[in-house]
Amino acid sequence: MATSIEYPALRARPEVGDVLLEVENLSVEFHTDAGVVKAVNRVTFNLRAGETMAIIGESGSGKSVTAQAIMGIVPIPPGVVTADAIRYRGSDLEHMSERQRRKVRGDQIAMIFQDPLTSLNPVYSVGFQIGEMFRVHRGMSRKEAKERSIELMDRVRIPEARRRVGDYPHQFSGGMRQRVMVAMALALEPTILIADEPTTALDVTVQAQIMEILHELQEDNNMGLILITHDLGVVASVADSIMLMYAGSVMEKAPADDFYASPAHPYAHGLMKSVPRLIHQAGRLDPIEGAPPSLLNVPPGCPFNPRCPHTRDRCREEVPALRPITGYVGQVACHFAEEVRRG
Amino acid sequence: MFRYTVRRTLLMIPTFIGASAIIFFAGFALPGDPVSAFGGERALSEATRQVLEERYRLDQPLINQYLGYMSDVVLHQDLGESVLRRRSVNDIFWDAFPNTFRLAMLAAAIEIVIGLAAGVLAALRKGKFIDQLVLISTTLVVSIPVFVLAFASQIYFGVELGIFPIAGLNEGLKSYLLPAFVLAALSLAYVARLTRTSLVETMRSDYIRTAQAKGLRPSRVIGRHGLRNALIPVVTYIGIDIAVLMGGAIVTETVFNIPGAGFALVRAIGTRDNAIVVGFTLAAVIIFLLVSLLIDLLYAVLDPRIRYE
Amino acid sequence: MSDDLIEPHVERAETIVEAESGGDIEAIERAASLWSDAWRELRKRWIFWIAAGLIGLFTTMAAVPQVFVAPSPATHDPRECSLRAADGTFQDRLRPSSEHWFGTDLQGCDYYARVIYGARVSIVIGIGVIALAGLIGLALGGIAGFYGGWFDNLISRFVDVLFAIPFLVAAILFLNVIASDGGRGLGHVLLVLGVFGWPTISRLFRASVIQAKAQDYVEAARAVGASNMRILIRHILPNAIAPAIVYSTIAIGGVIAAEATLSFLGVGLQLPAISWGLMINNAQTRILTTPHLLIFPSIFLSLTVLGFLLLGDAVRDALDPRLR
């Protein structure tokens, strides 16, 4: 297994189906004054070229921290990242030197964040910030970088790109700002894009536009896309696979169609039921009772057990492993998944 | 940007009028015989009295006096005349001010270099020894009143160690060093703390996380993205501090016998030389307002969000 | 299953009660939790205890100087001075000894007693000025921030004007004019410092009021019909006052130092007032021969100022929501 990235070899455009990212038993803990926060527990998944994976979970489920751990931007004290493997196209990210990892970051694996207003530096123009990618990673001159930035802004459909390249983030609307972030992230045509709640801070109509842009750009390059969200609906039409997280652990992993048709985990059931539907008689909303646990004090056994309508003794004692179950394509972390499924 | 400049400049005018009115009335209008105030501690002859009364329009209503004085100041840049020293206040001012200016600039240089360095260091090594050291030493410095600090350093460095001249301007640039350090000490403490807080705050921002995610070197993340934002309030503070310093480092000049504007002001108070007291105070206000204006403009240059309001 | 039926009724009742009281329950709960949280945070920090110790010490010294002077073998009255002792020897400018713990000053007064009594002036002025400046500053800043419009314009212009005159210079100017022939006392100094001290407080408070006004809970309170006054007092005040409190605490130290500076320059208190600044002023020409005249009041002064600065720091840390 190579521990350094050989530049020319890995610039090759991946074929659809190539494995881009392999994550095995990734765990992240934060050692704080108040105790140890177990933010991420033994997360395992693969990402292939051209695939869109959605990581779904409530706030505090560990989805963002997982992404940050892959990027290598978890603050190391107080954070502690452990994994059996984090491999990018075969190369071990975990044990790479920081310098090498930085070459991957932004260039090969890019990330965009939730709030584009605070995620963009307010004192530099958007052209500067997009162009920075070219200047730092590719050594381009300022002029060249500017031209490329304008091209990118066009590509994400920001009107009057040439005129606006010198404008500052606060002069753009929310949707436009997010497009700037997308442009910045895709500047170097990365192989993987991680989008952490990219549309949460935006209006519904704008949400759809952003999702469309992401989808288009993904198709152009066979890019792997990881979408992180708490909103089941937003990713329904674009996701190829779903990974459901709760209190830092993976509860269910399945292809999107199967998941949405009939999910297996009780938590997934609860989520589906709680979404208000337009085509329903007026009735009461059906939320999942209770609230997610504090990550300082995760309940023993299955983390979902206090809120699960199907809890039994075993659930409180033994942590369920993620396993395939009969009659379902995906994997579920529940002791009684088959029974639950049977109804 | 242009509109911002114009607006700020226009705002200065009522402020100047208000401040000058207060100063004028404090100096000339409060109870007591204003004419004998001019003479200081000496009694005046009848003839002198009459000349003075005419010169300063004391036979006229107060508001006319004020207007007359102000028109002298604004139109002719004439701050009046000191009866006691038989010189125009302008002359006395331009004799004294350059010394204050030099002192202020030297202090500013010290405070910027050391203050910024200490603040950045403390922020980057937050929680560690150097951070605690900076925090504690700045707190201590700030709690010792300036004049105590001035004395202490005078005794220790000047007398005991004999490194620096104790007082006066006899040794050229060297004589400015100790007072400049004392002057800088207080401001330096604030600059260091402000820089530290601002940088720590800034590094918590989302755009720093974005910069990291872009694969930028830590030095670039901190230097280009972090400092550029963090230093905005610090620069503003330093600017105001310079404005205040130029208004006259009264205590330091007094202790070290530097014949600057502050020193002259204190002397004028002692000798009840009202013309100088009022004139110099007015000068300090004008300097302060001008430098504040410059700082505001600088702030707009540094922070694009301000430009477009 | 039956809980299902009762619960919504209970919830609805609570909502009605909240609405009736103009959302007050929430506001009061929020404010109460803010302050009790702050107190808990404060108690944890060792800086707070050092500060409290220093301030406690000097405030007690100011209130009952007799207690501190009692154990001293020298005279307990700081004003009882004589150049000559009973046996004819000169008593002035003596070094610290077992008889005069801090030595004696130029008039032969026991310096220990004088330094102890000096605390009174500093503490009274420090707290008095901030009380005055705080009152004016909070009132005007609050009005400017909350009502905006012409009130804001007027008050802010006024603040600008006062700001334009350097603090020390302004204080010197006004104190110089006021009763310089011996009539200048504590009250005058307090007044002048208070009048030039309120602008900063008002500016700070105005800024936080404006920020608090924009919060959602204010809009919510308005929606259920709370009056302006109620909103100001119950909702905005508890949340906006934090920066003003931090500044005021630190400013007490600043005022104490300012009074000492003014007395030192000759425009503050005058003899026979007992002020550390005055003592330092008198000590300056004889630093080399009688350093103790400078050292003791300087140390007491610095420690007092330090106490308030540390308290301000500790309060700021305790009230900072992000550190919790």
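A: Start with the word contact: it means heavy atoms within 4.5 Å. Keep in mind that this model is predicted. Here the contact between chain C and chain B takes 36 residues from chain C and 39 residues from chain B.

Q: How much area do chain C and chain B bury between them?

A: The size of an interface is often given as the accessible area lost when the parts come together. For chain C and chain B that is about 3200 Å², with 81% of it on carbon and sulfur atoms.

Q: Which element gives the most to the side of chain C that touches chain B?

A: Helices H6 (149–164), H7 (167–177), H10 and H12 of chain C each supply at least two residues of that side. H12(C) gives the most, with nine residues. By class, the side of chain C that touches chain B has 26 nonpolar, six polar and four charged residues.

Q: Which residue forms a salt bridge with C:Asp313?

A: Look for a nitrogen of one side chain and an oxygen of the other. B:Arg193 is the partner, and the closest N and O atoms are 3.1 Å apart. The count between chain C and chain B is one salt bridge.

Q: Now the other pair. How many residues does the contact take from chain B and from chain A?

A: Chain B gives 23 residues and chain A gives 27. The area buried between chain B and chain A is about 2300 Å², and carbon and sulfur atoms give 57% of it. B:Arg209, B:Ala213 and B:Lys214 supply 25% of the area that chain B buries against chain A, more than any other three residues.

Q: How many salt bridges are there between chain B and chain A?

A: Two. In one of them, the side chains of B:Lys214 and A:Glu132 meet at 3.0 Å, N to O. Chain B and chain A also have 12 residue pairs in polar contact, both residues at pLDDT 80 or more. On the side of chain B that touches chain A, H10(B) gives the most, with seven residues. That side divides into eight nonpolar, five polar and 10 charged residues.

Q: Back to chain C. At what angle do the axes of H10 and H12 of chain C cross?

A: Compare their N-to-C directions. The axes come within 8 Å and cross at roughly 170°. Angles over 145 degrees count as roughly antiparallel, so H10(C) and H12(C) are roughly antiparallel to each other. Residues making the contact include C:Ile245 and C:Ile256 of H10(C), and C:Phe308 and C:Leu319 of H12(C). By class, this contact has 15 nonpolar, four polar and one charged residues.

Conventions. Residues numbered from 1 in each chain as written. Chains lettered and ligands numbered in written order. Predicted model: local features only at pLDDT ≥ 70, side-chain atom pairs only at ≥ 80, totals over all residues. Heavy atoms only, no water. Buried area = accessible area lost by both parts, 1.4 Å probe. Salt bridge = Lys/Arg side-chain N within 4 Å of Asp/Glu carboxyl O. Polar contact = N/O pair within 3.5 Å; in protein donor to acceptor, adjacent residues only side chain to side chain. Helix = DSSP H or I, 4+ residues; strand = E, 2+ residues; numbered from the N terminus. Nonpolar A, V, L, I, M, F, W, Y, C, P; charged D, E, K, R; others polar. Axes fitted to C-alpha atoms, helices over the stretch in contact; angles between N-to-C directions. Parallel < 35°, antiparallel > 145°, perpendicular 65-115°, else oblique.
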